[in-house]
Amino acid sequence: MAENIVINLQKVDVFQQKHLVLSNVNLDIAKGEFVFLIGQTGSGKSSLLKIIYGDLHIGNGNGAVAGFDLKNLAEKDVPYLRRKLGIVFQDFQLLSDRTIEQNLEFVLKATGWDDKNLINERIKDVLEKVGLRSKIKKMPHEISGGEQQRVVIARALLNNPEIILADEPTGNLDPETSEEIVLLLKQISQSGTAVLMATHDYHIIRTFPSRIIKCEGGVVHEDAQIT
Ligand SMILES: Nc1ncnc2c1ncn2[C@@H]1O[C@H](COP(=O)(O)OP(=O)(O)OP(=O)(O)O)[C@@H](O)[C@H]1O
């Protein structure tokens with residue numbers, strides 16, 4: 001496998017219980033690539049993401065994500081795989097009873113950071129990256145939906161992930177704010193983190209021309225086009 005490939009699936013069958021959702025998936029995503037994942041409701045987008053973040057086991061086929069072999073992934077390795085991934089999901093909300101800073105600190109401590117100075121520095125760094133340095137002491141309800149999504153992205157960046165998986169990250173946002181969020185994800189990909197973003201938003205796809213993969217009819221199509 002080429003060194004710059006961070007997601008590699010070979011002949012993977014994706015099952016939900018006994019139901020075959022996607023068959024014979026072959027997918028390579030390189031460092032720094034930005035890829036849209038499209039497909040109708042129920043076509044298998046979330047299931048594919050679950051395979052990538054180790055929430056669904058690979059049945060047939062082989063897979064490697066950020067250096068982890070999915071086929072032989074032990075339960076105890078899943079948290080380590082997740083540290084290489086930044087996850088930006090619509091239902092992956094901020095803790096409402098803590099400030100932005102405390103939300104980020106919580107994740108760092110949970111992933112093994114214990115040096116107060118390094119923690120403070122890292123929090124400032126990621127907030128700077130998403131343009132929210134000045135909101136560090138705010139509570140989630142004191143910032144807008146778009147800003148909350150930026151904090152979720154900042155949180156995903158904390159452990160310097162190789163890959164960001166984003167499932168409908170703009171689902172609850174107005175068109176202008178959605179564009180800002182995708183622009184931010186694009187910039188993040190340009191600095192070397194691969195981004196795989198599931199979306200139904202064709203306006204966004206047209207605005208940010210990128211590689212598109214599509215779940216349809218039980219398979220994944222490469223180089224999909226939208227009409
Ligand atoms: N936990 C589960 N148990 C059994 N079947 C499931 C489970 N989750 C999803 N499925 C089924 O797997 C198929 C693919 O679902 P999936 O959630 O991957 O689709 P999706 O493309 O992400 O849809 P959406 O755009 O609505 O999120 C569907 O037929 C769904 O009913």
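View 1. The largest share of the shell around the ligand, three residues, is supplied by helix H1. The model is predicted: local features require pLDDT of at least 70 and side-chain atom pairs count only at pLDDT 80 or more, whereas totals for chains, interfaces and linings use all residues. Residues are numbered from 1 along each chain as its sequence is written. The ligand is surrounded by 13 residues, the closest being Gln-16, Thr-41, Lys-45, Ser-46 and Ser-47; a residue is near a molecule if its C-beta atom, placed from the backbone, lies within 6 Å of it. Two or more residues of this shell come from each of strand S2 (19-30) and helix H1 (45-52). Helices (H or I, at least four residues) and strands (E, at least two) are DSSP runs, numbered from the N terminus. By class, the shell holds two nonpolar, 10 polar and one charged residues; Ala, Val, Leu, Ile, Met, Phe, Trp, Tyr, Cys and Pro count as nonpolar, Asp, Glu, Lys and Arg as charged, and the others, Gly among them, as polar.

**View 2. Helix H1.** Of the eight residues of H1, six are buried, namely Lys-45, Ser-46, Leu-48, Leu-49, Ile-51 and Ile-52. A residue is buried if 20 or more other C-beta atoms, placed from the backbone, lie within 10 Å of its own. After H1 comes Gly-54, with a positive phi near 75 degrees.

View 3. Four strands, in the order S2-S1-S4-S5, form an open sheet with antiparallel pairing; two strands pair if DSSP finds at least two bridges between them. S2 and strand S5 (68-69) are the edge strands, each pairing on one side only. H1 packs on the sheet and touches S1, S2 and strand S4 (62-65), two residues being in contact if their C-beta atoms, placed from the backbone, lie within 7 Å. The direction of H1 makes about 120 degrees with that of S1; axes are lines fitted to C-alpha atoms, for helices over the stretch in contact, and angles run from 0 to 180 degrees between N-to-C directions.

**View 4. The pairing of S1 with S2.** Strand S1 (residues 5-16) pairs with S2 in the antiparallel sense over eight bridges. Within this pair, Phe-15 stands opposite Leu-20 of S2. Strands of a sheet pair through backbone hydrogen bonds, either parallel or antiparallel.

Technical notes:
A residue is buried if 20 or more other C-beta atoms lie within 10 Å of its own, exposed if 12 or fewer, and partly exposed in between; C-beta atoms are placed from the backbone.
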